[in-house]
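Please look over the sequence and the structure shown here before reading the report.

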Amino acid sequence: MRVTTLLGSAKKKGNTATILSWIEEEMKSLRHDVEHIVLNDKKIGGCLGCAKCKDSPDEIACVQKDDAIGIMENMVSSDVVLYASPIYFWGFSSQMKTLIDRCYSLVTNYHRPGHTSLMRGKRIGLLVTGGGPYENNVEGLFTAFNRIADFLLAEKSGELYIGGCTTPDELSESTREKAVELARSLVS
Ligand SMILES: Cc1cc2nc3c(=O)[nH]c(=O)nc-3n(C[C@H](O)[C@H](O)[C@H](O)COP(=O)(O)O)c2cc1C
């Protein structure tokens, strides 16, 4: 399978990147083709809400010609897309949220007859890391991701939240095992 992973942390060796690397290693060992995109290295403008993209449902017709176009092309040509983000104020990192908003241009007629999506039927998964001690820390983000999957007409094929993170070298063996499990659930 062709897999695109989206790293939403600015830290290339942080908690999210480390766990993501374990997921990618497992996928590669199973002979899947993995493309890793660091969103923080890209120029991605915020969605303008102009809805011009809705005039051309069969293409990525966003008026902003920045790096989001290439990333969305990559997503659309993949079988699996894995979103990996630290939790920031009970939501996605701004790098991830900005891309998610731009994916508005992949869908037409949401909540109406004729709902279509360039992501239809693709598998999507979510990895989130957090540091806080809160109960129900990630529930809001998981709810949002379920709705994003419905919006994209995609199939949510796995999610993993690792809370209480400090530094990457403190991540446990059980976290590594959960990462491997998520990798397998996304490509099996
Ligand atoms: C701006 C900011 C907001 C954060 N908000 C939360 C939060 O709402 N809940 C939480 O558990 N951790 C929060 N954290 C902690 C990070 O989610 C946590 O340290 C994460 O593992 C960092 O991932 P990284 O090393 O991949 O960047 C926040 C950190 C920052 C910098």
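Predicted model: local features only at pLDDT ≥ 70, side-chain atom pairs only at ≥ 80, totals over all residues.

The sections below treat a central strand, the nonpolar core, a helix, the ligand shell and one arginine in turn.

Seven of the seven residues of S3 are buried, so the strand is largely enclosed by the rest of the structure. Val80, Leu82, Ala84 and Pro86 point one way from S3, while Val81, Tyr83 and Ser85 point the other way, and the residues on both faces are buried.

S3 pairs with two strands described here. With S1, the pairing is parallel and runs over five bridges, and Leu6 has Tyr83 of S3 as its bridge partner. With strand S6, residues 123-129, the pairing is again in the parallel sense and extends over seven bridges; in this case the bridge partner of Pro86 is Thr129 in S6.

## The nonpolar core

The largest nonpolar core comprises 49 residues, and those with the most contacts inside it are Leu6, Ile23, Leu82, Tyr83, Leu99 and Leu127. In soluble globular proteins, nonpolar side chains tend to be buried together.

Leu82 illustrates these contacts: leaving aside residues up to four places away in sequence, Leu82 touches Val3, Thr5, Leu6, Ile23, Gly125, Leu127 and Leu186.

## Helix H2

Helix H2 spans residues 67-76, and its buried residues are Ala68, Ile71, Met72 and Met75. These residues cover an arc of only 100° around the axis, which puts them on the same side of H2.

## The ligand shell

The ligand is surrounded by 17 residues, of which the closest are Gly14, Thr16, Pro86, Gly130 and Gly132. Helix H1, residues 15-29, supplies the largest share of the shell, with three residues. Sorted by class, the shell around the ligand holds seven nonpolar residues, nine polar residues and one charged residue.

## Arg176 in helix H5

Arg176 belongs to helix H5, which runs over residues 173-187. Is Arg176 buried or partly exposed? Arg176 has 16 C-beta neighbours inside 10 Å and therefore counts as partly exposed, given that a residue needs 20 or more such neighbours to be classed as buried. Although Arg176 and Ile19 are 157 residues apart along the chain, their C-alpha atoms are separated by 6.9 Å.

Notes: Residues numbered from 1 in each chain as written. Buried ≥ 20, exposed ≤ 12 C-beta atoms within 10 Å, placed from the backbone. Helix = DSSP H or I, 4+ residues; strand = E, 2+ residues; numbered from the N terminus. Arc of directions from axis to C-beta. Near = placed C-beta within 6 Å. Nonpolar A, V, L, I, M, F, W, Y, C, P; charged D, E, K, R; others polar. Pairing = 2+ DSSP bridges. Core = buried A, V, L, I, M, F, W, Y, C linked by C-beta atoms within 7 Å. Contact = placed C-beta atoms within 7 Å.
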